[in-house]
Amino acid sequence: MASVTSLTASVHQRLADALSAALPEAGSADPLLRRSDRADFQANGILALAKKAKANPRELATQVVGQIVSGEVIKDVEVSGPGFLNITITDRAITENLAARAADAEGRLGVPRAQNAGTTVIDYAQPNVAKEMHVGHLRSAVIGDAVVQILEFIGESVVRRHHIGDWGTQFGMLIQYLIEHPHELDHEGGEVSGEEAMSNLNRLYKASRAVFDSDEEFKTRARRRVVDLQAGEPETLAMWQKFVDESKIYFYSVFEKLDMEIRDADVVGESGYNDMLDETCRLLEESGVAVRSEGALCVFFDDVKGPDGNPTPLIVKKSDGGYGYAATDLSAIRDRVFNLKASTLLYVVDARQSLHFKMVFETARRIGWLNDEDVKAVQLAFGTVLGKDGKPFKTREGTTVKLEDLLDEAVQRATAVVREKAEKVGLSEQEIVENGRYVGIGAVKYADLSTSAVRDYKFDLDQMVSLNGDTSVYLQYAYARIQSILRKAGEARPVAHPELELAPAERELGLHLDRFGETLAEVAEGYEPHKLAAYLYQLASLLTTFYDKCQVLSDDNPTEVVENRLFLVDITARTLHQGMGLLGIRTPERL
């Protein structure tokens, strides 16, 4: 089915036509339409046009009103103040618009797919091999997953990349220890859980570190092993692969807890670009973009200086011949632009790495791998997760909070909240456990996604699992409440009745539902999932007002009113379900 034209777009077009008719020399002028608390919409564009045409704005506004075709969509237009237009939509237009959205055979609620969509490679969820994931890994995973879902929904071709930390000198110590203790990562009892995998890795790390710190001969062998790894020596590579595989068992178990799909083919770590590093450096040096400085291959920038006032370069290759992170990141850009044919490279990375990425992107532009016309690179920078005290989130002992522990506690708290209400709803133990997981993980994701990515946010589980305020639980309960009403409706069915007059609360709900597609387009354009979260919270709030003012199931109401109100709550539920799904949050049928 074709997408549904929003009421905003429909009114915008009618006003633009009226402006062109009243003032032909204005061409295709923008009426500057926005939602208003004085009417359904307000148009402010006439003031600027009148100034340009040296006309009286109020008189021009009156002429425009005379050109507007009212009827099916526009009910009333009045001139306000110095030349604003206040526009009221017909009740019929609101209901018919929602009916068209509800009838969308693809289940997209009439949301259009983007025209001329490109290919976005999104780099997110980047844990390190042989290391435990901590709270710092949460935001890249949650924000990145939501942006992937939203971009795919609007029609963008998306390639996911998980740039895991799987290379470096630290592997020399681990591999050497494993070669000398070859059965440490054997799985005699078959498959291991993520928890067991991490326990194995932690045990190995502590054991190898103890030997490394106390045995000089082992330290020498470990450092030699780094050289073997970089040279691609087969036994060394085989042992390195064991660490990568064990780590993946752990990673995937954590992502599964986060209710995220991570595909093995999308995991391309630092090692995936090793074969490109030498050529990347050669191309940068031959083009003059990178120069030798004290033996290292560097790129300099006029606006990047150290505390001493001297330029701080991006080091691509160190003086000892080792490659820096920049060489890997620039090789990844080459791969994503020339092999994956990306039109946009999106990096969901901590704001503290902003300077590094600014320098990497500028280097790629200088050599021509990036240009803002054909292929652009964007860092979707995110802030820090803070504790209730407003400081970076730590345990009482001052150590970094393990991500698994944090997720487990969220699910535990949420399950307690679900259990309190379970008897009233008649939930089974299995439903309590399942819903506890959906509510707990949803609470963690929503707290992150309802905050603008670049801002820090406080991790407060008490607030996150609260039934009141801007939380995912509030939205999940709004959805479940609608499902309860639909179950209680008996033989009454959701049916749109465009002939009915709408109460003010019904109109507000209907007009907000109409904005779903526009909101998604705005969210996708700016990579701003917090705007979708804000839209959904407002939707749930308008639903609460609707319940207070309009009884859905009432013997006192005519059948058409009951059916129309059931239709309104049904499409609200479908919008909540779709929107929450794009944020990676489940909506249980019963809560």
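Before the first entry, a reminder to myself: axes are lines fitted to C-alpha atoms, for helices over the stretch in contact, and angles between N-to-C directions run from 0 to 180 degrees. I also keep in mind that this is a predicted model.

Entry on the helix pair. I looked up helix H17 (residues 504–514) and helix H20 (residues 559–582), and found that their axes come within 11 Å and cross at roughly 35 degrees. I noted the crossing of H17 and H20 as left-handed. Which residues make the contact? From H17 I listed Glu 506, Leu 509 and Leu 513, and from H20 I listed Arg 565, Leu 568, Ile 571, Thr 572 and Thr 575. Sorting the contact of H17 with H20 by class gave me four nonpolar, two polar and two charged residues.

Entry on the sheet. Next I traced an open sheet of four strands, and I wrote down its order as S6-S5-S10-S11, with parallel pairing. Which strands are at the edges? They are strand S6 (157–161) and strand S11 (376–382), each of which pairs on one side only. For the twist I have an average of 20 degrees from one strand to the next.

Entry on one strand pair. I then checked strand S5 (residues 119–123) against strand S10 (residues 344–350): the two run parallel and are joined by four bridges.

Entry on a helix over the strands. Last, I turned to helix H11 (residues 325–339), which lies across S5, S6 and S10. I put its direction at about 150 degrees to S10.

Key
Residues numbered from 1 in each chain as written. Predicted model: local features only at pLDDT ≥ 70, side-chain atom pairs only at ≥ 80, totals over all residues. Heavy atoms only, no water. Left-handed = near helix turned anticlockwise from the far one by under 90°. Contact = heavy atoms within 4.5 Å. Nonpolar A, V, L, I, M, F, W, Y, C, P; charged D, E, K, R; others polar. Pairing = 2+ DSSP bridges.
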